[in-house]
Amino acid sequence: MSQKDPCQKQACEIQKCLQVNNYMESKCETVLQEMWKCCAQYPKGRSVCCSGFEKEEREREKFKATSEEIPPPPQ
């Protein structure tokens, strides 16, 4: 039998919050933060529910690295 996803509860709370608030993420910041906290407690790949958060984190890091290479516009 497979183990229960450790962050499944938080993922369900996000879905409930989004549904109640017409999918406005800004109304669900608290539950999103709880999900981030849960995902941070486990190694990558441990929680299927965290896979989207991990992908977003990689994309942020990639964007951050790319934006650091672009010089600021002249003044």
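Which residue follows α1, and is its phi positive or negative? In this predicted model, α1 is followed by N22, and the phi of N22 is positive, near 50°.

Of its 75 residues, 20% are buried. Among contacts between residues at least 6 apart in sequence, 48% join residues at least 24 apart.

Helix α1 covers residues 8–20, which makes 13 residues. At 1.5 Å a residue, α1 should span 18 Å, and this agrees with its end C-alpha atoms, which are 18 Å apart. The buried residues of α1 are A11, I14, C17 and L18. These residues cover an arc of only 125° around the axis, and therefore they lie on the same side of α1. The face turned away from that buried side carries K9 and V20, which are exposed.

Helix α2 comprises residues 29–40, and α1 packs with α2 at an angle of about 165°, their axes being 9 Å apart. Because angles over 145 degrees count as roughly antiparallel, α1 and α2 are roughly antiparallel to each other. Their crossing is left-handed. On the side of α1, the contact is made by Q10, A11, E13, I14 and C17; on the side of α2, V31, L32, E34, M35 and C38 take part. A11, I14 and C17 of this contact are also among the buried residues of α1.

Definitions and conventions: Residues numbered from 1 in each chain as written. Predicted model: local features only at pLDDT ≥ 70, side-chain atom pairs only at ≥ 80, totals over all residues. Heavy atoms only, no water. Helix = DSSP H or I, 4+ residues; strand = E, 2+ residues; numbered from the N terminus. Expected span 1.5 Å × (residues − 1). Buried < 20%, exposed > 50% of the residue type's maximum accessible area, 1.4 Å probe, protein only. Arc of directions from axis to C-beta. Axes fitted to C-alpha atoms, helices over the stretch in contact; angles between N-to-C directions. Parallel < 35°, antiparallel > 145°, perpendicular 65-115°, else oblique. Left-handed = near helix turned anticlockwise from the far one by under 90°. Contact = heavy atoms within 4.5 Å.
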